[in-house]
Amino acid sequence: MQLILHPGHSKCGSTTIQDFLYVNRHRFLSRKVWIPDHNFNFPNDPNFNSELSQTPRDYFAKIHDGSEPFEKLIEKLNTMNSLAKVHGCNRVIISAENLVNYLKQPIGRRIHEAFRTHFDGVKVVYYIRKQDSFLLSAWQQWGHKEGLSFPEYVNQSLKHGNPNYHVAVSLFKEIYGKDNLKVFPLERSFLKENNLISDFCDKASINIHGLDTNIIDRNQGLSPLLCENLSNINNIYSSIHDSSIKSLLEKISPESTLLYKKDSSFLTNSIKRKIINRYIDKNREIQSEFFPEIPLEEAFGTYEDSDPAINKVSKRLENLEYICDIQMEIIINLLKKVL
């Protein structure tokens, strides 16, 4: 029995892949390919719930923090093996972005060693992303809720070495073997058919024929300009996982495009330089070993030497205009509901 393991990384298309697996869960089951539910139960187990089989991320979080004993994970893997022999399962797919967490600690390694010993073979598909766009996306989702500006969040992340893909790549290579590991940048132009799902199925050796690949991006982040504005307002978020503000804005302006407006200048050259130089040596190792056909700069980004002062002023004025636009849109929509 083979395991297809998609261990994240967060902010690297994990939600899209998990939505694809969930939408096709019954089709996979008919092919004798099993996907665990959120409690890491498998088909034909009395506790299995196919309606909650998007990702067992929360279960692995319990293993990480010790609230679920590691021995319980081993019991579930043993149960899976027994059920698979009876019901003819030949493949299992596990996707959980927090399987790249705690890899420097014993618990993180033990989980992957357990996978290796409970399957006849493991194929790992691991997507990575330019660290500058990763950190921007992470700040949009989590960092601004702590009241941090984007530069502050970048400095904090670089201090802790986040994200350091090299740590995960090294451990996966050690445990599963390089030949069983696919590492690839999340750049559309490099993906098979310029599509993440097509690329994932290709790298995971999944027959895409007959599967629903029409997956809608439901994890779109608020505009960085809006997040910057929100980061300056005290006590509006209960935690970094509080999504109530985004939900409220979407409810007020459900057809808005302003909520998600991108800003290519938000990542300044000075910030890009700081991020790229922090990881360049380890990134070069990954690139040369796993996708040498893709130039390092195209996989991990590049920067110019400076940000002209006049451009900064001009862009700042544009950003202020944008904030006024979105505030006016919200006010008008509220007035429509009230009057």
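**Notes on a predicted chain**

1. Start with helix α10: six of its eight residues are buried, so the rest of the structure largely encloses α10. Here buried means under 20% relative accessible area, exposed means over 50%, and partly exposed is in between, with a 1.4 Å probe and protein chains only. The buried ones in α10 are P224, L225, L226, C227, L230 and S231. Helices are DSSP runs of H or I with at least four residues, strands are runs of E with at least two, and both are numbered from the N terminus.

2. A word on what you're looking at. This is a predicted model, in which local features need pLDDT of at least 70, side-chain atom pairs count only at pLDDT 80 or more, and totals for chains, interfaces and linings use all residues. Residues are numbered from 1 along each chain as its sequence is written, and side-chain values use heavy atoms, leaving out hydrogens and water.

3. Now zoom out. The protein chain has 14 helices and five strands. Its radius of gyration is 22 Å, close to the 20 Å that the globule rule gives for 339 residues, so the chain is as compact as a globular protein of that length. (That radius is taken over C-alpha atoms, and the rule is 2.2 Å times the number of residues to the power 0.38.) The C-alpha trace spans about 65 × 55 × 40 Å along its principal axes, and buried residues make up 48% of the 339.

4. Helix α6 (residues 131-141) is another one to look at. Nine of its eleven residues are buried, so α6 is largely enclosed by the rest of the structure. Among them are F134, L135, L136 and W139. What covers the buried residues of α6? The cover includes α7 (150-159), α8 (165-176), α10 (224-231), α12 (269-290) and α13 (296-300), where contact means heavy atoms within 4.5 Å.

5. Next, a helix pair. The axes of α4 (residues 70-87) and α5 (residues 106-118) come within 11 Å and cross at roughly 15°. Axes are lines fitted to C-alpha atoms, for helices over the stretch in contact, and angles run from 0 to 180 degrees between N-to-C directions. The two helices are therefore roughly parallel to each other; angles under 35 degrees count as roughly parallel, over 145 as roughly antiparallel, 65 to 115 as roughly perpendicular and the rest as oblique. Residues of α4 including F70, L73 and L77 meet a set in α5 that includes I107, I111 and F115. By class, this contact has nine nonpolar, three polar and two charged residues. Ala, Val, Leu, Ile, Met, Phe, Trp, Tyr, Cys and Pro count as nonpolar, Asp, Glu, Lys and Arg as charged, and the others, Gly among them, as polar.

6. Helix α5 also packs on α8, at an angle of about 35° with the axes 10 Å apart. R109, H112, E113, F115 and R116 of α5 make the contact with L171, F172, E174, I175 and Y176 of α8. Its class count is five nonpolar, one polar and four charged residues.

7. The peptide bond from G8 to H9 is cis, with omega near 0°, and H9 sits in the loop between β1 (2-6) and α1 (14-23). Another cis bond joins N162 and P163, with P163 in the loop between α7 and α8. N194 isn't a glycine, yet has a positive phi of about 55°; at 40% relative accessibility, N194 counts as partly exposed.
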